[in-house]
Amino acid sequence: MWRVLLGVAGSVPVPLTGQHFAELLPVQHQAVTGSGIRLGRRRYDHECLDEHRGRGCPTTDDGRWEVHHHPYDIRQIYVRLPGGHLHEVPWAEGAHALRPFDDAVRRRTGQILAGRSGLPGLPAPSSDRRGREAGVPVPDQGAVDKPAPGGAAVAPDLDGPGRAGAFGVWDAQAEAEQW
């Protein structure tokens, strides 16, 4: 019956339980240390790892444990313990993560913050780039000091329709009125 259904439909959607979903996630092999499991500069820890800390996995040759992870939701990982089942292990510092976000967002915000604080080893962004990252428009260098008819310097108008205001908030209504 299954073969006939596949021949007619081409594919058959099968609902997955949570356990089956975790089985399909990408796999890495990691050590279980005294502080938990390290994956992508993040630490995951749970009491289910207590009896396995510092010990090698008995089912693998290199002693590292099978760890399944979701590439777009870094709040938890799933580790296969000796019973054969996958156990959910939460991100130890992830209490502030109320919704899923991917690792690219975390890395990018880290780069921006490191550039602002001038940490060694990372190039500090230029003031133009830093302003654009914050959502604040940066005028052309030639347009900053336009001489006025009376000789005084005039700053360019950054608060025109569709432009970001003083707080870097883009006004969609003003942009729509231009069209």
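Which helix gives the most to the nonpolar patch? I looked this up before anything else. Helix H1, residues 2-9, gives the most, with three residues. The model is predicted, and I kept that in mind for every entry below.

**Entry: the nonpolar patch.** I listed the members of the patch. They are Trp2, Leu5, Leu6, Val14, Leu16, Phe21 and Leu24. Together these residues make a nonpolar surface patch of about 700 Å².

**Entry: leucine 5.** Leucine 5 lies in helix H1. The cut-offs I needed here are under 20% for buried and over 50% for exposed.

**Entry: the whole chain.** I then stepped back to the protein chain. I counted five helices and eight strands in it. Read along the sequence, the pattern is α-α-β-β-β-β-β-β-α-α-β-β-α. Of the 179 residues, 23% are buried. I also noted the accessible surface, which comes to about 12600 Å². Carbon and sulfur atoms hold 57% of that surface. Among contacts with a separation of 6 or more, 43% are between residues 24 or more positions apart.

**Entry: the open sheet.** Which strands form the open sheet, and in what order? I read the order as S1-S4-S5-S6, four strands with antiparallel pairing. S1 and S6 (86-90) are the edge strands, each pairing on one side only. From one strand to the next, the twist averages 35°. As a reminder to myself, strands of a sheet pair through backbone hydrogen bonds, either parallel or antiparallel.

**Entry: S1 against S4.** I went through this pairing by residue. Strand S1 covers residues 27-30 and strand S4 covers residues 65-70. The two run antiparallel and are joined by four bridges. Valine 27 has histidine 68 in S4 as its bridge partner. For glutamine 30, the bridge partner in S4 is tryptophan 65.

**Entry: S4 against S5.** How many residues does the hairpin from S4 to S5 run through? I found two residues in the hairpin that joins these strands. Histidine 70 has aspartate 73 in S5 as its bridge partner.

Terms used. Residues are numbered from 1 along each chain as its sequence is written. This is a predicted model: local features need pLDDT of at least 70, side-chain atom pairs count only at pLDDT 80 or more; totals for chains, interfaces and linings use all residues. Side-chain values use heavy atoms; hydrogens and water are left out. Patches are made of residues with over 30% relative accessible area and no salt bridge: like charges are joined within 9 Å, nonpolar side chains (Val, Leu, Ile, Met, Phe, Trp, Tyr) within 5 Å. Accessible areas come from the Shrake-Rupley method with a 1.4 Å probe; for residues, only the protein chains shown count as cover. A salt bridge is a side-chain nitrogen of Lys or Arg within 4 Å of a carboxyl oxygen of Asp or Glu. Two strands pair if DSSP finds at least two bridges between them. Buried means under 20% relative accessible area, exposed over 50%, partly exposed in between (1.4 Å probe, protein chains only). Contact means heavy atoms within 4.5 Å. Axes are lines fitted to C-alpha atoms, for helices over the stretch in contact, and angles run from 0 to 180 degrees between N-to-C directions.
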